[in-house]
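Please read them alongside the coordinates.

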Amino acid sequence: TIAVAEQVSYLREHSVGSILRSTFKIYRENFRTLFLIYSLPTLPFVIAQQEAQAAGAVLLVLLAVFFNLFVGLFAFAAITVAISDMCLGERPSVMRSYRRLGGAVVGRLAWANVLQMIVVMCGTLLLVIPGLILMFRLLFTPIVATIENCRGRAALKRSASLGKGFPGRNLGVIVELLAVG
């Protein structure tokens, strides 16, 4: 297991800077495991996309991109499980991360992601600003659906409560996602 001092450092309120420092520390110390968790399911679709582009098969490129995005949502959830394990003092594992996604979790995660996308798109159609606000507030929906086993609307509500009042932290999380993604 990971040292208790490290465990406690992740389970506290964070500033934008500490989110970024903690993120890079987690990735640096567990790069191999996190890389495998994401790459194993997505790499075949990346290769298929490259091959389809080289062959000029536009429809196959679009299919590969779609399936890569779809599988990427579940890879993101598996990474969430691994990071949760690290924060709780457990050594992350590729197999354990995907085992925790079995059964009902996959359905809850897929439904929560669909609802999140619909709500953010509707907010964006109203005006750009409501869409951005909803994106910030619903940022944690897939994580809540995965870790807390919440379903659709409950995951959206929980994410909104987690995101409310912390715009700097939420911006830090988005910057982190863009920096490591």
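1. A salt bridge here is a side-chain nitrogen of Lys or Arg within 4 Å of a carboxyl oxygen of Asp or Glu. With that cut-off, R100 forms a salt bridge with D85, the closest N and O atoms being 3.9 Å apart. R100 sits in the loop between α5 and α6 (104–126), while D85 belongs to helix α4, and the two are 15 residues apart.

2. The model is predicted. Mean pLDDT for the protein chain is 83, with 91% of its residues at 70 or more. Confidence is highest in helix α3 (residues 31–55), at a mean of 94, and lowest in helix α1 (residues 4–10), at 49. Residues 1–8 have pLDDT below 50, and in the model this stretch makes eleven contacts beyond near neighbours in sequence.

3. How many salt bridges does a search of the whole structure find? The count is three.

4. Is D85 buried or exposed? D85 is buried, at a relative accessible area of 1%. Its two partners are classed otherwise: R96 is partly exposed at 34% relative accessibility, and R100 is partly exposed with a relative accessible area of 31%.

5. Another salt bridge joins the side chains of E148 and R158, with N to O at 2.9 Å. E148 is in the loop between α8 (141–147) and α9 (152–163), and R158 is in helix α9; the pair links distant parts of the chain, ten residues apart.

6. Where do E148 and R158 fall on the accessibility scale? E148 counts as partly exposed, at 37% relative accessibility. R158 is likewise partly exposed, its relative accessible area being 32%. Both values lie between the cut-offs of 20% for buried and 50% for exposed.

Conventions:
Residues numbered from 1 in each chain as written. Predicted model: local features only at pLDDT ≥ 70, side-chain atom pairs only at ≥ 80, totals over all residues. Heavy atoms only, no water. pLDDT = per-residue confidence, 0-100. Helix = DSSP H or I, 4+ residues; strand = E, 2+ residues; numbered from the N terminus. Contact = heavy atoms within 4.5 Å. Buried < 20%, exposed > 50% of the residue type's maximum accessible area, 1.4 Å probe, protein only.
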